[in-house]
Amino acid sequence: MTRADATLTATASLLTYEDGVLLRGGVPHQVLSGSLHYFRVHPAQWRDRLERLAALGLNTVDTYVAWNFHQRRADRPASFDGWCDLEAFIALAGEIGLDVIVRPGPYICAEWDNGGLPAWLTARVGMRARSSEPAFLDAVAAWFDDLIPRLAALQVANGGPVVAFQVENEYGSYGDDGDYLAWLRDALVARGATELLYTADGPTDLMLDGGSLPGVLATATFGTRAGEAFGLLRARRDGEPLLCAEFWNGWFDHWGERHHVRTVPSADATLGEILDADGSVSLYMAHGGTNFGLWAGANHDGRLQPTVTSYDSDAPIAEHGAVTPKFHAFRERFVAAGGRELPVPADPRILDPRAVPVTPGAGLLEALRTVPPAISGATPPSFEELGLPAGLVLYTATPRLPRGENTVTVSGLHDRAQFFVDGVLVGILDADGSLPVTGRGERVQLEILVENQGRINYGPLLGQGKGILGGVQIGRRLVHGWTARALPLDEWTQDEVAGLADARAGAGAGAGAAAGFSTALFTLGDGEPADAFLALPGFGKGFVWVNGLLLGRYWEIGPQVTLYVPAPALVAGVNTVTVLELEHSGERIEFRSRPELGPPEEYVEIF
């Protein structure tokens, strides 16, 4: 598409620009936006959270589209029903009076598993994702054939609220394949996108060189130094309006770190800089929500850094919907900038605190051994070879273990492995490494339970595989003859989880009462279900379901202590909490009066 073609496309949109001024329907306009991801909010709460965005004084909401959320497996069509009903979410935003910006990727980062790309796709193309690799483009084309016409039908030109589309996402932080970006731009236009197109990148020449496109509005993402960022945009794109496509007013957390916050004075000062420069802005996040299920991604900075279940992000609207001091400070600025002054909604009701005893169920190995093996072969298969996007794999082999001390080594481990010999836990590895094992010159049952702790969502290791990608050795000798049980925790129904919790595999099974399933039952009266904060004192690391909804991971290393339970997940009558503990179980669960996300640490990411 030529520059002239791009200009024609822009002039047909509701949002246009002239002489550095953003226009909406020909009238000067500031986009006052906030990020809210439909896939991180229970659909029964979409309206509430969107109304809270409007009450913040915003006129726009933006959302990523997580491809893997819609199409987990290659052999199944993409879903747009239920929690995946993106069209319903967008229409609801329009009803509330919000414009909508859509960020369809196909890559989104977002601290989301695999950056939003399906695991089955990166299994095919490996590290060639996010490039003009034909196999990658063919898959994106098929996805866009389904997705983009749905979004195009909801554009302002067609009576809907969609006013803009982002092309890819911070591509300049990753690569410099200009042909790929141009292909994506043309793919959006060819499938009906007529509203404003833009790119978003960090405010450096390196990032903007790699991520921007001629004829497409260039915007910046940053946390501080708005004047410097906008100065760079002006120097590079004189005549274009200023837009901070992501203002990082908070941050996310990794397991084993502290809870990242950004103080109100710090965040409010930078927001003031943006608005005083007549810039448009989108808060990242306005409302963060939750990484339900196994959707939390991971970073890699010399080691894997899995992201926690909460995506509260110290946002103005907290994970459970409460308004915060940051909400009130930002609201004053947005109203002064022309945002609507709507009543501030009351905070959600919280379930009364209580402790509920748990009943131990099947032991860890006792339960997991009842799942039929998916593959038998000479070497341990990867998650990708098993067709498993997320969850656990239980690998089993029966090698002969020589007398005395032996060294068992695993290579290519992604991500965390528990080693059992004849049902007894002998050690845990968080990366490639070795364990000492004593043998008697006989065959043993070697079982390795590997957890995928979240696929990398940012950087050159995007698309890296999971499981045992190298091999297992006793001394210098490779172990052959493996079976593998695929354990897709986030696809199990409530009945399947209950069946495993009650499983009995016979004599010799289990790793002891410390690890395995536990169940807690509690009863709520009519009108009593409310938002809740679930803690698991005495438990170590694992997964928890409430009435069949997999809330996500917990881990005693923190920082996150409580898991958010949305009110729609609870019912009047008997409620069931099921815990799958990998290490050591507690005796009770607790519902607490407030979220406990860990000791805070001031954190400001510049770009």
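Lysine 466 forms a salt bridge with aspartate 415, with the closest N and O atoms 2.8 Å apart. Lysine 466 lies in the loop between strand 25 (446-451) and strand 26 (467-474), and aspartate 415 in the loop between strand 20 (404-414) and strand 21 (416-421), so the pair ties together parts that are 51 residues apart in sequence. Both residues, lysine 466 and aspartate 415, are buried. A salt bridge here is a side-chain nitrogen of Lys or Arg within 4 Å of a carboxyl oxygen of Asp or Glu. Buried means under 20% relative accessible area, exposed over 50%, and partly exposed in between (1.4 Å probe, protein chains only). Helices (H or I, at least four residues) and strands (E, at least two) are DSSP runs, numbered from the N terminus.

The model is predicted: local features need pLDDT of at least 70, side-chain atom pairs count only at pLDDT 80 or more, and totals for chains, interfaces and linings use all residues. Residues are numbered from 1 along each chain as its sequence is written, and side-chain values use heavy atoms, with hydrogens and water left out.

The salt-bridge count comes to 34. One of these pairs arginine 191 with aspartate 145 (2.8 Å, N to O). Arginine 191 sits in the loop between helix 7 (178-190) and strand 8 (196-201) and aspartate 145 in helix 6 (residues 134-152), so this pair links parts that are 46 residues apart in sequence. Aspartate 145 is partly exposed, at a relative accessible area of 46%. Arginine 592 and glutamate 596 also meet through their side chains in a salt bridge (3.0 Å, N to O). A network of salt bridges links Arg72, Arg73, Asp490 and Glu491.

The domain assignment, automatic or from a database, gives domain 1 (34-337), domain 2 (354-361 + 490-602) and domain 3 (379-480). The C-alpha centres of domain 1 and domain 2 lie 31 Å apart. In contact (heavy atoms within 4.5 Å) are 32 residues of domain 1 and 28 residues of domain 2.

Pockets were located on a 1 Å grid over the protein atoms alone. A pocket is an open set of points where a 1.4 Å probe fits, with protein on both sides within 12 Å along at least five of seven lines; lining residues have an atom within 4 Å of a point. The largest pocket holds about 650 Å³ of space. Its lining has 34 residues, and Trp251, Phe252, Asn299, Tyr458 and Glu605 are closest to the centre. Domain 1 and domain 3 each supply at least three residues of this lining. Strand 10 (243-248) and strand 13 (298-300) each give at least two.

The second largest pocket has a volume of about 510 Å³. Its lining comprises 21 residues, with Phe69, Arg72, Trp295, Asp490 and Glu491 nearest the centre. Helix 3 (67-70) and strand 32 (549-555) each contribute two or more residues. Domain 1 and domain 2 both give residues to this lining, so the pocket lies between them.

A cis peptide bond joins glycine 105 and proline 106, with omega of about 20 degrees. Proline 106 falls in the loop between strand 6 (99-103) and helix 5 (119-125). Another cis peptide bond joins glycine 558 and proline 559, with omega of about 10 degrees. Aspartate 19, although not a glycine, has a positive phi of about 50 degrees. Aspartate 19 is exposed, with a relative accessible area of 71%.

Technical notes:
Points joined across faces, edges and corners; volume = space filled by probe spheres on them.
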